[in-house]
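Thanks for coming. I will go through a few points on one model, and you can follow along on the screen.

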Amino acid sequence: MANRLEHASSPYLRQHANNPVDWREWGEEAFAEARERDVPIFLSVGYSSCHWCHVMAHESFENDEIAEVLNERFVNIKVDREERPDVDAVYMSALQAMSGHGGWPMSVFLTHDGTPFFAGTYWPAEERAGMPPFPRVLEAVWNAWTTQRDEVEGSAGKIRGHLQSMHELDDAGDVADASLAAQAASGCVQAWDQRHGGFGDAPKFPMAMAIDFLLAHHVRTGDDAVLRAASHSLEAMAKGGIHDQIGGGFARYSVDAVWLVPHFEKMLYDNALLLRAYTHAWQITQQPRYRRVAVGIADYLLRDMAHPEGGLYAATDADSEGVEGKFFVWSDEEFREVVASIDEDPDAWASYFGVTPEGNFEGANILHEAGERPADDPAFEERLAAVATALRQRRSHRVHPGLDDKVLASWNGLALGALAEAGAALGEPRFVQAARDVAGFVRERLVVDGRLRHSWTERGGASSQTFAEDVAYVAQGLLVLAEAEPDATWARWAAELAHDAEARFADPHGGGYFATADDGEELLTRPKDLWDNATPSPASVMADVHLRLSALSGEAGHEQRAEATLRQFAGRAAQAPIGHGELLRALERHLATTQEVAVVGELDDPATTTLVGAYHEAWRPGSVLAVAPPGHTPVPLLSGRDTVDGLPTAYVCQNFACERPVTDPDDLRALLITA
């Protein structure tokens with residue numbers, strides 16, 4: 001019999017609809033019941049593509065005996081962390097404070113007012129590897145609640161006080177200047193794994209924002225050491241099993257240090273951030289591999305993650321048929337059969353993809369680039385594409401991993417910016433069109449009563465919540481789209497979202513941005529995201545947004561807001577640069593020589609397209625581009641600009657003081673700088 005989650009909008013919650021656990025969604029009804037029954041609350045937070053969430057569900061939440069204890073002694077709340085990042089942020093801070101680590105599934109025991117008093121992650125149903133079994137944890141918590149209530153509530157009070165103080169920023173007295181950028185870049189290079197690429201040891205995450213910062217730092221300074229660290233990391237990931245060699249896109253992380261064995265779930269945000277980084281690497285180096293990988297990511301998103309109306313889904317699972325990675329791995333026999341079916345040499349391609357009879361993952365094979373890839377060999381690339389297509393077609397007949405079909409405004413903001421930039425830089429108009437479709441979907445489906453909302457599903461429509469990440473990421477994505485696809489709508493909407501960020505999310509006293517709006521649900525604390533972790537901090541993105549808007553509008557207030565944020569976070573970024581990649585990328589925009597480029601011409605005129613294309617030939621981390629037909633001024637940068645001799649015309653400016661207008665793309669190239 002289905003429980004209360006049967007009608008939930010979240011795919012993750014519906015995965016638990018047939019558990020014998022009497023789950024409730026987050027809300028006052030659950031807390032009222034806990035008070036009425038005088039029992040503690042068990043809060044379980046996870047997400048649909050989380051492998052260990054599935055394991056704990058199968059072992060414990062589908063277990064009738066464990067469910068009986070949970071139902072009798074607790075009120076049980078299930079939360080999708082992607083649908084409620086605010087709830088996740090509050091209790092993840094508590095978990096980290098209590099245990100020194102975090103992760104999902106997150107399992108937290110709460111008092112009646114939502115204060116945590118004990119927390120952990122995955123607990124097995126039976127004792128294993130030194131971990132206490134979940135039934136023993138439940139017994140211990142219940143005993144403490146019933147026999148030591150004063151101590152439990154006293155401990156909870158201390159935790160509450162700690163949580164309410166931990167989101168404060170230091171006084172904004174630090175200097176965000178070139179020396180900070182150099183120190184941060186040096187710190188990233190020191191953390192670089194010079195043997196295997198990436199940063200740190202296993203498990204290894206892509207750290208796309210830190211890589212993007214290093215690329216921007218190289219553009220401004222010419223520092224070859226940072227380019228080597230970034231390029232080597234991108235190269236190593238592209239060759240590894242974390243990269244889906246036949247389907248495009250990247251898994252969330254690698255469980256080893258060599259990028260071979262991924263955690264097989266694929267997240268929209270990872271692929272958006274990596275698409276951006278590989279696009280920038282292509283613009284800087286012109287290395288064909290980076291272009292191929294970027295195109296592969298974009299194709300994956302549009303083929304496997306796109307809603308028919310244009311929005312992009314959140315994630316795909318690590319598991320299929322209850323087995324981790326089953327969809328992605330190959331037996332030696334099946335691999336050879338597919339390759340032979342298109343008259344290619346199975347031995348040669350098995351060697352190239354590292355396929356062996358014994359396998360490299362639980363008796364099967366994760367495809368990776370084990371052999372040498374000939375440089376500048378179109379015939380090889382054509383054969384490789386044919387092999388990949390044949391393998392992908394065979395794989396398409398398997399049981400696919402589960403799809404989390406939520407459309408999240410924030411992650412779609414990251415993706416629409418990455419697609420627009422990739423389309424413009426790589427000369428792929430279909431990616432720009434896809435970005436336009438994403439923006440249109442967000443506008444049509446996720447704006448309710450004039451306000452952007454966090455999530456949308458076919459079943460539930462748009463959610464009622466809005467978070468700082470939504471307004472920040474979508475604003476940034478729209479500003480990037482406006483440079484690739486001239487439409488006055490995008491820049492105006494971005495400016496409105498930036499205003500919303502300041503009005504409802506900014507902390508005028510402590511700096512930064514609260515995750516929740518000032519009129520949003522009141523939680524135990526009002527959290528702030530102070531790190532560029534798996535996704536960027538809203539503060540980091542808003543620094544970039546305000547710098548872009550300053551260059552487009554000439555309004556000093558935008559630059560002042562950005563500078564205040566950069567100063568506020570400068571000390572933290574100096575100490576932990578890998579965890580502040582997006583903020584440091586915004587700092588590079590601030591430090592770079594800003595050129596404001598205006599192109600005036602009919603949008604369907606090929607000469608206009610050629611001028612715009614000249615701008616996008618290189619990555620210009622400090623510059624902005626505005627394009628409009630004659631007589632249109634969607635942003636102040638275009639005010640007073642007109643064509644010369646009736647020809648599409650480009651104006652290259654600094655602080656709104658412009659060079660002579662040019663109509664020839666070569667003359668425009670001569671005026672443009674990258675740094």
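The torsion about the S-S bond of Cys653 and Cys658 is about 90°, so this disulfide is right-handed. Keep in mind that the model is predicted. The sulfur atoms of Cys653 and Cys658 lie 2.0 Å apart. Cys653 has a relative accessibility of 1% and therefore counts as buried, while Cys658, at 31%, is partly exposed.

How many disulfides does the structure hold? There are two. The other one links Cys50 with Cys53, at an S to S distance of 2.3 Å. The link of Cys50 and Cys53 is right-handed too, with 80° about the S-S bond, and both of these cysteines are buried. Counting the bonded cysteines in sequence order, the pairing reads 1-2, 3-4. As for Cys188, its relative accessible area is 0%, so it is buried.

Next, the second largest pocket. Its volume is about 490 Å³. The lining has 25 residues, and those closest to the centre are Gln245, Arg292, Gly296, Arg373 and Ala388. Which helix gives the largest share of the lining? That is H12, with eight residues. Helices H12 (288-304), H14 (346-353) and H15 (378-395) each contribute at least two residues. By type, the lining splits into 10 nonpolar, nine charged and six polar residues.

Last, helix H22, residues 581-591. H22 is mostly covered, with nine of its 11 residues buried. Among the buried ones are Glu582, Arg585, Glu588 and Arg589, along with Leu583, Leu584 and Leu587.

That is where I will stop.

Conventions:
Residues are numbered from 1 along each chain as its sequence is written. This is a predicted model: local features need pLDDT of at least 70, side-chain atom pairs count only at pLDDT 80 or more; totals for chains, interfaces and linings use all residues. Side-chain values use heavy atoms; hydrogens and water are left out. Buried means under 20% relative accessible area, exposed over 50%, partly exposed in between (1.4 Å probe, protein chains only). Helices (H or I, at least four residues) and strands (E, at least two) are DSSP runs, numbered from the N terminus. On a 1 Å grid over the protein atoms alone, a cavity is a set of points where a 1.4 Å probe fits but cannot get out, and a pocket is an open set with protein on both sides within 12 Å along at least five of seven lines; lining residues have an atom within 4 Å of a point. Grid points are joined across faces, edges and corners, and a volume is the space filled by probe spheres set on the points. Ala, Val, Leu, Ile, Met, Phe, Trp, Tyr, Cys and Pro count as nonpolar, Asp, Glu, Lys and Arg as charged, and the others, Gly among them, as polar. A disulfide is a pair of cysteine sulfur atoms within 2.5 Å.
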